[in-house]
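Please keep the sequence and the coordinates at hand while reading.

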Amino acid sequence: MTLPHTPVSPDAADRTFQVDLRGLVDLLSHHLYSSPRVYLRELLQNAVDALTARHGLEPGAAADAFGIRLYADGSVVRVEDDGVGLTEADVHTFLATIGRSSKRSDQIAEQRADFIGQFGIGLLSCFLVADEIHVLSRSARTPDAPAVEWRGRGDGSYSVRTLPSSARPRPGTTVTLTPRADAAEWTRPGQVHALARHFGSLLRHPVTFQDSANGTGAPVNPEPAPWTRTYPTPGARSRALAAYGEEVFGFTPLDTIELDLPAVGLKGIACVLSEAVPAGRRHGHRVHVKGMLLSEQAEEILPEWAFFVRCVIDAESLRPTASRESLYEDDTLAAVRDALAESLRAWIARIAASDPELLGRFLQVHHLAVKSLAVHDDEILRMLLPWLPFETTDGHATLDEFARAHRTVLVTSSVEEFRQVAAIASAAGLGVVNGGYTYDRQLVHRLPEIRPEVSVADLDPATLTAHLDPVDRETELAAAAYLALARDALAVFDCDVALRTFQPATAPALLLDSREARHERTRSQLAREQQGGLWGDILGHLRQEAPRAQLILNQLNPLVRTAVTINEPELARTSAEALYGQAAMLSRRPLRPAESSLINRSFLDLLAHALRKDS
Ligand SMILES: Nc1ncnc2c1ncn2[C@@H]1O[C@H](COP(=O)(O)OP(=O)(O)OP(=O)(O)O)[C@@H](O)[C@H]1O
């Protein structure tokens, strides 16, 4: 097959893309940056990068030899730096070419990591608040080059001219914006000062702010980052770090964990939240790069399980994305995440080993979230399972405490079961944990992985009933009439009645019942009611041998001893119903309507009986 011949147009010459700057600025403002306020961050960042380059040129200069001065009086915003400056050629190459950055050229590839910027678009953010950017610069690299002035406009046009050296006697750059009226919110003096402090409080170069009323210039970053300062005592250090965490996040941290990863020049703190949060809720962390605040909402620096902290970090080598508001998901970030996770694990291990009081407070706040985490994270499980609190027959106890008292730990599968058996099991010396709450049963079963000397088993009815001793034959016979009446009274609940002795003697009765058994009974009852119909047939087919509930009366209990001797059949029935009702309520399970009315009726009957007797 031959392709049709497509004639080549004689004027198919290469052309250059045209860029509509207005469209580009619109794109940046609506899709890249979160708010127009970032213009100040971009100006500060350019000034910082220029100072970094200047220090590179003059390595002997003192750290505070070069600085940044901000000025705002309501009609202009100015950012002036003592940085490396620009020549006229630089201005054409870097300022006037969108996407071109001096921080990305091949010659200084190895230095790229020194700078915050790299994309060559940051300056465009100034168009979010002004129609024109005015730059006046003098190069430190070429000191005898004249000063150069550049005016860039939002419509894409720009002009450049050189000026005598006297127009800017010293190297550095001054960027001046004349804000549009609609951007006043972001450019009034108070706001510029606040934004400078917000973005620049941890910058390592001196930054000052001046407004028309303030002639001297107030420091924006008067103090170095709190973790770089020296303190008289370790206590003073941790108090200062906690105070900083509180200032930044607005809560008093339960503890403050210092973060220090020299390999990536990262320092900072993790503040342990003082209130519970749902597991898996990730928090925004504050990330500074070379002192500049880039993001307050960076989630990616910590793994998901670290929901209990909020961090402030300052790193040298993390790479921000073009919006500057998140970080590149690269190998460095992955390594930082792993290393920070390790620091948090080390903190947990340290407090688990040496600060039980703090560990207790931590788990008191975060135990639910830690439990959900431990189910999936073996390491957290290994570190924290013994210290997690559970409801047990010894009260609220950590698994460690509980396992020391009970080599065999029994777990119930529901809260209701636990309520039913707790008192009796505990009197019988059995150690039972309430496994009815989410994750609890699953977690308790994993205890032998950490404490191999402990065995864990589900509590089965046989274990418990083994501790319910039969009564002697004589007592059984004497109680037979009462038991028969009681069985008859409780037949509607498919409940058998038996007499046993068990501790504690204060417990009159124990209702052995389970949700499954109740389900099965409800199904049987429905089948009976619907007999004959299709529904009844289906239910009838499904019907198994309905497991019966059992009301075990305690012969050791004085009330039961008296009850079994009652001669009046009505009173005997009522007392059996009342004992059933009390045992059902003790389990704290929801009562069925028939049970509620039984409890009401038996209470009123007993009351009437008592009143009759007294009158
Ligand atoms: N204050 C300054 N001093 C010296 N050079 C500057 C200054 N501001 C901007 N420049 C020059 O202009 C270039 C473009 O700046 P711009 O802010 O647009 O991008 P960038 O900082 O290189 O990268 P990014 O888009 O990541 O911020 C810079 O690479 C730098 O060469």
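**The ligand shell and the chain around it**

Helix α2 provides the largest share of the shell around the ligand, with 4 residues. The model is a predicted one, in which local features need pLDDT of at least 70 and side-chain atom pairs count only at pLDDT 80 or more, while totals for chains, interfaces and linings use all residues. Residues are numbered from 1 along each chain as its sequence is written.

The ligand has 22 residues around it, of which N46, S101, S102, G117 and G122 come nearest; a residue is near a molecule or strand if its C-beta atom, placed from the backbone, lies within 6 Å of it. At least two residues of this shell come from each of α2 (38–57) and α3 (88–95).

Which residues does the UniProt annotation "binding site" cover? In the unreviewed entry, the annotation covers E42, N46, D81 and T173. These residues gather at one spot, because no two of their C-alpha atoms are more than 14.1 Å apart although they span 132 residues in sequence. The UniProt positions follow the numbering used here, feature names are shortened, and annotations may be inferred rather than shown by experiment.

Two of the annotated residues can be followed further. N46 is found in helix α2 and counts as buried because it has 23 C-beta neighbours inside 10 Å. The burial classes rest on C-beta atoms placed from the backbone: a residue is buried if 20 or more other C-beta atoms lie within 10 Å of its own, exposed if 12 or fewer, and partly exposed in between. Residues up to four places away in sequence not being counted, N46 touches G117, G122 and L123. Contact requires that the C-beta atoms of two residues, placed from the backbone, lie within 7 Å. D81, in turn, lies in strand β2 (residues 77–81), and it is buried, with 28 other C-beta atoms within 10 Å. When neighbours within four places in sequence are left aside, the contacts of D81 are A47, A50, L51, I68, G172 and T173; T173 is one of the residues under the "binding site" annotation.

Some totals place these details in context. The chain holds 20 helices and 22 strands, and 36% of its 615 residues count as buried. Among contacts in the chain with a separation of 6 or more, 67% join residues 24 or more positions apart.

**Strand pairings**

In general, strands of a sheet pair through backbone hydrogen bonds, either parallel or antiparallel. Here, two strands pair if DSSP finds at least two bridges between them. An open sheet of 4 strands, with mixed pairing, has the order β19-β20-β22-β21. Its edge strands are β19 and β21 (509–512), each of which pairs on one side only. Strands β19 (residues 469–470) and β20 (residues 495–501) pair in the antiparallel sense over 2 bridges, and P470 stands opposite R500 in β20. By contrast, β20 and β22 (residues 549–554) run parallel and are joined by 6 bridges. In β22, A549 is the bridge partner of C495, and Q550 is that of D496. Helix α15 (residues 473–490) lies across β20 and β22 and runs at about 150° to β20. Such angles run from 0 to 180 degrees between N-to-C directions, with axes as lines fitted to C-alpha atoms, for helices over the stretch in contact.

Elsewhere, antiparallel pairing links strands β3 (residues 130–138) and β4 (residues 147–153) through 6 bridges, with R153 in β4 as the bridge partner of E132. Strand β4 also pairs with β5 (residues 158–163) in the antiparallel sense, over 6 bridges, and A147 has L163 in β5 as its bridge partner. The hairpin of β4 and β5 has 4 residues between the strands, and in this hairpin G156 takes a positive phi near 100°.
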